[in-house]
Amino acid sequence: MQKGFLNMQEKNILHGPPLPDLEFKNITLGQLILNQLSIRGSWVAQINAYTGKSQTFKDILDISRKLAIAFNREGLKKDDRIAICSENNLEFCPVVCAAFYLGITVCPLNPLYTERELKHALNISKPKYIFVSAIGAKNIYKVIPQLFWLPKLIMLTEAINSKLPSIKTLTSNIIIDNNFHACSVDVNDHVTVISCSSGTTGLPKGVMLTDKNFLSVIKNLAVASPNIVNTNTTGLALLPFFHVYSFSVMLVALVFGNKNVILPRFEEKLFLHAIEKYKIEHITVVPPLMVFLAKHPIVDKYNLSSIKEIWCGAAPLSEEIAKMVVKRLNMPIIKQGYGLTETTLAVMNSPDNNTKYTSVGTLVPGVSAKVIPIDGDESSKPLGPNNVGELCFKGDIIMKGYCDNEQATAATIDKDGWLHSGDVGYYDEQGYFYIVDRMKELIKYKGFQVPPAELEAILLTCPEIKDAAVIGLPHEEAGELPAAFVVKQEGSNITAEDIIKFVNERVSSHKRLRGGVKFIENIPRTASGKILRRILHDTLKSKL
């Protein structure tokens, strides 16, 4: 049993190891980043794989300090908010650093949000300035006139024919003062980032994350991956920075001195070529990318032998896919993590030498967990090992709350400080956790609960299936019937009947695909790889 993982004083409440006592005890996130950038100097910090352009840590230090001085001149101050609406690029990170030095809250936004989603997200955070790329600007232009506080737009990347001021124009006449320093804030209370929740079941909420949340994440990763601390090891930044998973990894790379190869979007050949060319050692991915690495024939044409470690999170990863990647890429370490936007990053991750691929790992330092009955409340007694229920968490990486939404905050964090995740899972006798599914996504068939993730994992083991999603089809007598949406591999002639037979031979009666199979071009997903089941439900409704 993991040492100290179960506290017998509080039956069935699990605890991760204590947080490490690292040097940056009484320091803000802005102060820490400023210090770390100052000591890395000429090390390469970022490379844009698309353009080949690179930045050193000194480049980021200089641009970010100039920007901070410019923000100050523009009247931006502590607790003001700025938004960044952009795909991944070299310009994203210095804006974040500049804001952190001044105690300004950063609100990252998905540049592919629809007009409706953008307006909703901006009305939550109400930023004074919005930094946009050419891609992000398209919808922002349409939304700006509808915002009563009229935020100012700044071009994040150089764009031809843009009438907007750019970072260059903001910083052109600025000389860095030798007395420049990052301001002090209350690390426990100061909101450093407002991140949008993934919005898989509805419109996103604004998740308020503090300095303490991110500092705890940095400490946790120093424990989980000591080999990347203070080394210029090369990682891949493909997952979008506007998502808290990749945003956190970007900050960790700055603090640890790692080199990030940035991809603005996923293109099969560019992704594989970047790994080969830059000898990338660490990649953070989501399960659809693992499926690509496991199954796509193009992967064999590239030398991916530099990969030492793959971190996978944001959605369930099947054991079969994990094993296929291990075999195909010649034994890289695959580490899974589990977290929510509301927990900053992972509350659990795989220990070293882990081969329990069905598990998301054990608790990270400083986090406590319990499993409560699915239809229980905060007074419900925690369940013991191997009992399925709702996962609840407590610790220094739990969000402060939802921005301007006390009702949603109170529904998620109870009076004792436990965050109710809405995810269904259990832990075993060794303290390893297993995710069954989202509570809202469980299919209810004749009183049985059917987890879509289990059926999706089975579907993905079929060589002729490229991607799959399962939802509940409403049914008068049974409640819901499991129904599959399937993307076929190129050139496959597999039929719906073949797929139903394939699944039904591998599951118990109540999990059979009684709702049928529908073939589609692609599975709708969030930028972090989560399946947008509400879109699939809408597709079904429109056909009924």
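This is a predicted model: local features need pLDDT of at least 70, side-chain atom pairs count only at pLDDT 80 or more; totals for chains, interfaces and linings use all residues.
1. Helix H10 covers residues 287–295, and helix H11 covers residues 319–328. Their axes lie 8 Å apart, and the packing angle is about 50°.

2. Look next at the residues between H10 and H11. H10 brings Met290, Val291, Phe292, Leu293, Ala294 and Lys295 to the contact. H11 answers with Ile321, Ala322, Met324, Val325 and Arg328. By class, nine of the residues in this contact are nonpolar, two are charged and none is polar.

3. H10 also packs with helix H9, residues 268–278. Here the angle is about 80° and the axes are 13 Å apart. H9 is therefore roughly perpendicular to H10. On the H9 side the residues are Glu268, Phe271 and Leu272. They meet Leu289, Phe292 and Leu293 of H10. Five residues of this contact are nonpolar and one is charged, with no polar residue. Phe292 and Leu293 of H10 are also listed in the contact with H11.

4. A further helix pair is H2 (residues 57–73) with H3. The two pack at about 55°, with axes 8 Å apart. That angle makes H2 oblique to H3. The crossing of H2 and H3 is right-handed.

5. From H2 come Ile60, Leu61, Ile63, Ser64, Arg65, Leu67, Ala68, Phe71 and Asn72. From H3 come Cys93, Pro94, Val95, Cys97, Ala98, Ala99, Tyr101 and Leu102. The classes are 14 nonpolar, two polar and one charged.

6. Twelve aromatic pairs occur in the structure. One of them joins tyrosine 101 and phenylalanine 180: the ring centres are 5.6 Å apart and the planes stand at 75°, so the pair is edge-to-face. The partners come from distant parts of the chain, 79 residues apart. Tyrosine 101 sits in helix H3 (residues 92–102). Phenylalanine 180 sits in the loop between helix H6 (167–171) and strand S8 (191–196). Tyr101 is also among the H3 residues that touch H2.

7. Finally, the annotation. An unreviewed UniProt entry places the feature "domain: AMP-binding enzyme C-terminal" at residues 454–530. In the model, that stretch is 19% helix and 31% strand. The C-alpha atoms at its ends are 15 Å apart.

Note on methods
Residues are numbered from 1 along each chain as its sequence is written. Side-chain values use heavy atoms; hydrogens and water are left out. Axes are lines fitted to C-alpha atoms, for helices over the stretch in contact, and angles run from 0 to 180 degrees between N-to-C directions. Helices (H or I, at least four residues) and strands (E, at least two) are DSSP runs, numbered from the N terminus. Contact means heavy atoms within 4.5 Å. Ala, Val, Leu, Ile, Met, Phe, Trp, Tyr, Cys and Pro count as nonpolar, Asp, Glu, Lys and Arg as charged, and the others, Gly among them, as polar. UniProt positions are given in the numbering used here, feature names are shortened, and annotations may be inferred rather than shown by experiment. Rings of Phe, Tyr and Trp (its six-membered ring) pair if their centres lie within 6.5 Å; planes under 30 degrees apart count as stacked, over 60 as edge-to-face and the rest as tilted. Angles under 35 degrees count as roughly parallel, over 145 as roughly antiparallel, 65 to 115 as roughly perpendicular and the rest as oblique. A crossing is left-handed if the near helix is turned anticlockwise from the far one by less than a right angle, and right-handed if clockwise.
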